[in-house]
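Student: I'd like to go through this one with you, step by step. Can we look at it together?

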Amino acid sequence: MTSPSNSSKPTLCVLSLLTPRVPLSSTPDKDIIDISDHQVTFRYTDSQTNQSVTRSLPTNQFLILILQHVLPKGLQRVRDYGLLHGSAKRKRHRIQRLLFHMAHQTLPAEATPAQHTTRCCPTCGERLMVCVGVIRPR
C-alpha cells in the first residue's frame with residue numbers, strides 16, 4: 001500500500017484525463033488548485049452569481065462529482081444535436097414565440113356531437129327507437 005503523499009500523483013493523472021470533459025472551466029489544469037492527502041481544492045464558476053468560487057472536498061466526493069459528468073464510452077451528448085444544439089437558438093426562440101401566441105388564442109367552439117335519429121315504433125307508437133345503422137339486403 002502506498003502512503004497518502006505518494007497516492008496523490010496517480011489521482012492527479014486520472015483527474016487530468018477527466019477534467020477536459022467535465023464542467024470545470026476551459027482551462028481545467030488551472031482549476032485544480034491543490035491535492036493534499038485526502039482533500040482536493042478546486043475552483044469553479046458559480047452559475048447563479050457568475051463568480052469564481054474555491055471549494056475543498058474529500059477526494060472520493062470530488063471524484064463522484066466529476067464522474068457524474070462523464071458519459072460511458074460510445075454515448076454522445078444529446079444537446080449536441082437537433083433543437084438542443086447551440087446553433088439552433090433562433091429556431092428554439094421562434095418555436096417558443098409561436099407556442100406562446102397559440103396558447104393565448106381562443107379555441108374554436110366544439111361542435112355538438114351528432115344526435116341519433118329517433119323513430120316511432122310501428123307496433124306501439126313509442127318514440128324510443130333509435131336508428132344506429134342500416135342493414136342492406138344481400
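Student: How many residues does the hairpin that joins S1 to S2 go through?

Tutor: First, a heads-up: this is a predicted model, where local features need pLDDT of at least 70, side-chain atom pairs count only at pLDDT 80 or more, and totals for chains, interfaces and linings use all residues. Residues are numbered from 1 along each chain as its sequence is written, and side-chain values use heavy atoms, with hydrogens and water left out. Strands here are DSSP runs (E, at least two residues) and helices are too (H or I, at least four), numbered from the N terminus. S1 covers residues 32-35 and S2 covers residues 39-45, and the hairpin between S1 and S2 goes through three residues.

Student: In which sense do S1 and S2 pair, and what is the bridge partner of Ile32 in S2?

Tutor: Pairing requires that DSSP finds at least two bridges between the strands. S1 and S2 have three, and the sense is antiparallel. As for Ile32, its bridge partner in S2 is Phe42.

Student: Where does Asn50 lie, and is Asn50 buried or exposed?

Tutor: Asn50 sits in the loop between S2 and strand S3 (52-58). Asn50 isn't a glycine, yet it has a positive phi of about 60°. Most residues other than glycine have a negative phi. With buried meaning under 20% relative accessible area, exposed over 50% and partly exposed in between (1.4 Å probe, protein chains only), Asn50 at 63% is exposed.

Student: What pattern does the protein chain follow along the sequence?

Tutor: The protein chain has four helices and five strands. Read along the sequence, their pattern is α-α-β-β-β-α-α-β-β.
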